[in-house]
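Work through the following exercises with the structure open beside you, and try each task before you read its solution.

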Amino acid sequence: MATIHRFDRVASTMDVLHAMALDGAEAGTAVAAAEQSGGRGSRGRIWVSPRGGLWLSVLLRPSSASGLDLLSLRAGMAVARSLSAMAEGEAIRLKWPNDLMLADRKVGGILCEARWQGEALAWVVVGLGVNVVNPVPEGLRQMADNLEERLPGASPEALIEPMAAALLQAESDSARLSGPELERFEVLDWLYRRALASPVAGMADGIAPDGALLIRQADGRRIPVRAGPVELDDSSVRA
């Protein structure tokens, strides 16, 4: 791993790392901050990033873009497995494509942003946000949680290096998940056999080798879905 740059407060660790990448930072460079004022999640959502959480980004410079579509899934699997190895009690699981779940509440997420030079992939920044000991806002407590009870005595600082290492493990040039990767996802799959209202009504039924979410409909057909917000049929959790 290259250098880990630690900051007290930034707008976004991803933005800081994009700027470093533009200046020639090497693959494996990481940026962590105690607090973000402009953290972001998927589909442009704001990610509340107070002190007590882990706000981390890692720079990758893949040799090709062939594995780019699977990067967030691979990163999520690597982080979920690493956190579960440290945590007491119930394992951390993965809600397709990139939400980290503890029981039925979200504790973290992955966001990947690529930058291009013409048609060539220049670099990718993989961002990770995890609620560690930071209080969850009152309005989010039904759907979000932190790791305080499962990682007694843990601090965001103590998680920086192992989580950065986990994110680096996610890099791959393969455009398809291998058999062992599919098996690992099956163990982590939070959505499996849950009824969905969207993006397609049906029952979550694992993923395909290309990373698509498989949704089994009432007539037995399995529909592959590659994008879109996931909503349970009771609207209790949204992604």
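**Exercise 1.** Is Glu113 buried or exposed?

*Solution.* Bear in mind that this is a predicted model. The relative accessible area of Glu113 is 14%, and the cut-off for a buried residue is under 20%, so Glu113 counts as buried.

**Exercise 2.** Find the salt-bridge partner of Glu113, and state how far apart the two parts lie in sequence.

*Solution.* First, look at the side chains: Glu113 meets Arg40 in a salt bridge, with 2.8 Å from N to O. Finally, consider Arg40 itself, which at 25% relative accessibility is partly exposed.

**Exercise 3.** Which parts does the salt bridge between Arg51 and Glu35 tie together, and which network includes these residues?

*Solution.* The side chains of Arg51 and Glu35 meet at 3.3 Å, N to O. Because Arg51 lies in the loop between strand S2 (30–36) and strand S3 (53–60), and Glu35 in strand S2, the pair links parts 16 residues apart in sequence. A further salt bridge joins Asp99 and Lys106 (3.0 Å, N to O). Through shared partners, salt bridges connect Asp8, Arg9, Glu35 and Arg51 into one network.

**Exercise 4.** What is the order of the strands in the open sheet of five strands, and which strands are at its edges?

*Solution.* The order is S11-S10-S9-S8-S12, with antiparallel pairing. Strand S11 (222–225) and strand S12 (231–232) each pair on one side only, which makes them the edge strands.

Technical notes
Residues numbered from 1 in each chain as written. Predicted model: local features only at pLDDT ≥ 70, side-chain atom pairs only at ≥ 80, totals over all residues. Heavy atoms only, no water. Pairing = 2+ DSSP bridges. Helix = DSSP H or I, 4+ residues; strand = E, 2+ residues; numbered from the N terminus. Salt bridge = Lys/Arg side-chain N within 4 Å of Asp/Glu carboxyl O. Buried < 20%, exposed > 50% of the residue type's maximum accessible area, 1.4 Å probe, protein only.
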